[in-house]
Amino acid sequence: MQRSNIYILVFSAIMTVLIGGAMSLTSVLLKPAQDKQVELDTKKKILGAVMDISTFNTPEEILNLYKARVKSVVVDIEGEIIATDEKGNPLIAEKVNAQKNHKIDREERLYPIYMILNESDPNVVEAYVFPMFGLGLWDWISGYVALESDLNTVKGVAFDHKGETPGLGARITEEKVRNRYKENKKIFSDAGNLESITMVKGEGITGLSMHEVDGLSGATITAKGVNKMLKEYLGCYQSFIMNTKGQNGIAIN
């Protein structure tokens with residue numbers, strides 16, 4: 001029997017509502033697990049910029065280590081700590097969305113900072129980790145740059161990307177590439193000027209300065225994106241760095 005147009009329209013509408021409702025419900029049910037995974041990934045990157053966490057086998061180990069060893073703050077472009085938002089709600093560094101934050105004018109952004117505490121003395125800051133965000137060849141790139149307590153020497157980095165070419169730009173996540181930033185590299189010149197760290201063009205380059213790291217063959221645009229990201233965000237964190245240096249550290253309680 002031929003169905004009328006009204007029947008088809010009503011049936012389609014009902015199915016649309018049912019399927020849409022099911023998808024919404026699924027999204028709501030999965031959101032806590034998704035949020036937990038994002039939290040875990042973020043904390044792994046922060047810790048991974050400073051130490052080897054490859055021996056940790058469970059999420060609980062990572063989260064417990066993070067709780068014991070990391071304190072965080074949010075600062076503005078002037079390096080001043082901001083405790084609450086405009087509505088008076090506490091600002092939590094781990095909940096600042098790097099991608100959304102990047103779209104805001106740099107003068108208005110929130111800047112999370114993570115302090116890695118000494119295992120034996122939690123009043124001593126061993127390293128500072130600075131999150132950053134930028135653009136690669138095809139899509140976004142992000143990074144965490146860890147500085148030693150002198151706030152000049154690079155202790156480590158952790159990079160991530162979306163859509164970079166496997167074997168080329170995607171190599172920024174490889175340990176071999178990340179280790180290049182740990183070869184006694186400095187972000188300030190001897191005169192105290194911010195130089196950042198530049199990934200040079202080409203690979204297998206020798207005679208690099210303390211502000212340069214070896215490049216990525218075939219991934220010049222990704223390297224330029226990383227360089228721009230570091231230069232921009234280290235500049236944004238510069239006031240905090242200089243203020244903290246002048247105070248010989250900051251209160252972490």
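This is a predicted model: local features need pLDDT of at least 70, side-chain atom pairs count only at pLDDT 80 or more; totals for chains, interfaces and linings use all residues.
I started with I14, which is partly exposed at a relative accessible area of 44%; partly exposed sits between buried (under 20%) and exposed (over 50%), using a 1.4 Å probe and protein chains only. I14 sits in helix 1, residues 5-48. Helices here are DSSP runs (H or I, at least four residues) and strands are E runs of at least two, numbered from the N terminus.

Residues count from 1 along each chain as its sequence is written, and side-chain values use heavy atoms, leaving out hydrogens and water.

Next I checked what surrounds I14 on the surface. I6, Y7, I8, V10, F11, I14, M15, L18, I19 and M23 make a nonpolar patch with about 980 Å² of accessible area together. Areas come from the Shrake-Rupley method with a 1.4 Å probe, and for residues only the protein chains shown count as cover.

Then helix 2, residues 59-69: I62, L65, Y66 and R69 are its buried residues. They cover an arc of only 100° around the axis, so they lie on the same side of helix 2; the arc uses directions from the helix axis to the C-beta atoms. On the other side, I found E60, N64, K67 and A68 exposed.

Last, the whole chain: I got five helices and seven strands, and 38% of the 253 residues are buried.

Terms used
Patches are made of residues with over 30% relative accessible area and no salt bridge: like charges are joined within 9 Å, nonpolar side chains (Val, Leu, Ile, Met, Phe, Trp, Tyr) within 5 Å. A salt bridge is a side-chain nitrogen of Lys or Arg within 4 Å of a carboxyl oxygen of Asp or Glu.
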